[in-house]
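Here's a quick tour of one protein model, meant to be read with the picture open beside you.

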Amino acid sequence: MISVSDAYYLGKLINLSKYMKIDMLTESLRSVISGLHKSLRRHVADDTALSLTEMEAIGLIFKKGAIAPSELAAKTKVAGPSMSQILKKLENLDLILRKNTREDRRKVLVSLTEKGEMLIQRFREDKDTTLKNLIETRLNQHEIDLLEKALPALEKLNAI
């Protein structure tokens, strides 16, 4: 027969085990998502002259529509002078456009050109094709079904 104190400590161990499982799941999920994200970005980066940081900047500009260089630097965690160099390169490649705002002529916003938007579309198509190929060649039907069932939970995690 288990004593009350043994039952208490056993309960603590079970709860600790639950938290250890969550910690291990957290580590594994972070590692897998990060690795998959890097693989997809690398695949797209291979055939462009753009760095991963430059691609990230273009992606953020696309999401925002128009964004101040300082906000873009903060979101990408790039120093202001480095962001200026990135934007200069993207402008020279005709991927972005700088415009002064109507309210304050000193304030500049960057947005994508048509060529920049076409590049984003190509990035997305390349990523989708790569991911589809990985799913079709590396996963069996049961794993595909599990992945599909996990999507709602992953979407909740993504709503940060």
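Predicted model: local features only at pLDDT ≥ 70, side-chain atom pairs only at ≥ 80, totals over all residues.

**Briefing: strands, helices and a few buried residues**

Asn100 has Val108 as its bridge partner in strand 3. Residues are numbered from 1 along each chain as its sequence is written, and side-chain values use heavy atoms, with hydrogens and water left out.

**The big picture**

- The protein's secondary structure comes to six helices and three strands; helices (H or I, at least four residues) and strands (E, at least two) are DSSP runs, numbered from the N terminus.
- If you read along the sequence, the pattern goes α-α-β-α-α-β-β-α-α.
- The protein has 160 residues, and 22% of them are buried (buried means under 20% relative accessible area, exposed over 50%, partly exposed in between, with a 1.4 Å probe and protein chains only).
- Its accessible surface is about 12,200 Å², and carbon and sulfur atoms account for 57% of that; such areas come from the Shrake-Rupley method with a 1.4 Å probe, and for residues only the protein chains shown count as cover.
- Take the contacts between residues at least 6 apart in sequence: 47% of them join residues at least 24 apart (contact means heavy atoms within 4.5 Å).

- Three strands make an open sheet in the order 1-3-2, with antiparallel pairing; two strands pair if DSSP finds at least two bridges between them.
- Strand 1 (66-67) and strand 2 (96-100) are the edge strands, each pairing on one side only.
- How many bridges join strand 2 to strand 3? There are five, and strand 3 covers residues 108-112.
- Strand 1 is joined to strand 3 by two bridges, again running antiparallel, and Ala66 has Ser111 as its bridge partner in strand 3.
- Helix 4 (residues 80-92) lies across strand 2 and strand 3, at about 115° to strand 2; axes are lines fitted to C-alpha atoms, for helices over the stretch in contact, and angles run from 0 to 180 degrees between N-to-C directions.

**Helices that pack together**

- Helix 3 (residues 69-76) packs against helix 4 at an angle of about 110°, with the axes 9 Å apart.
- That angle makes helix 3 roughly perpendicular to helix 4 (angles under 35 degrees count as roughly parallel, over 145 as roughly antiparallel, 65 to 115 as roughly perpendicular and the rest as oblique).
- On the helix 3 side you'll find Pro69, Leu72, Ala73 and Thr76, which meet Gly80, Met83 and Leu87 of helix 4.
- This contact of helix 3 with helix 4 has five nonpolar, two polar and no charged residues; Ala, Val, Leu, Ile, Met, Phe, Trp, Tyr, Cys and Pro count as nonpolar, Asp, Glu, Lys and Arg as charged, and the others, Gly among them, as polar.
- Helix 2 (residues 52-64) and helix 5 (residues 114-138) have axes that come within 10 Å and cross at roughly 110°, so helix 2 and helix 5 are roughly perpendicular to each other.
- Met55, Ile58, Gly59 and Phe62 of helix 2 make this contact with Leu119, Ile120, Phe123 and Arg124 of helix 5.
- Sorted by class, the residues in the contact of helix 2 with helix 5 are six nonpolar, one polar and one charged.

- Is Gly116 buried or exposed? Gly116, in helix 5, counts as buried because its relative accessibility is 0%.
- Leaving out residues up to four places away in sequence, Gly116 touches Asp94 and Leu95, and the C-alpha atoms of Gly116 and Ile96, 20 residues apart along the chain, are separated by 6.3 Å.
- Glu54 sits in helix 2 and is buried, with a relative accessible area of 8%.
- Beyond its neighbours within four places in sequence, Glu54 is in contact with Ala49, Ile86, Lys89 and Leu90.
- Leu112 belongs to strand 3 and counts as buried at 11% relative accessibility.
- Setting aside residues up to four places away in sequence, Leu112 touches a set of residues including Ile58, Phe62, Leu95 and Ile120.
- The C-alpha atoms of Leu112 and Arg98 are 8.9 Å apart, with the two residues 14 apart along the chain.
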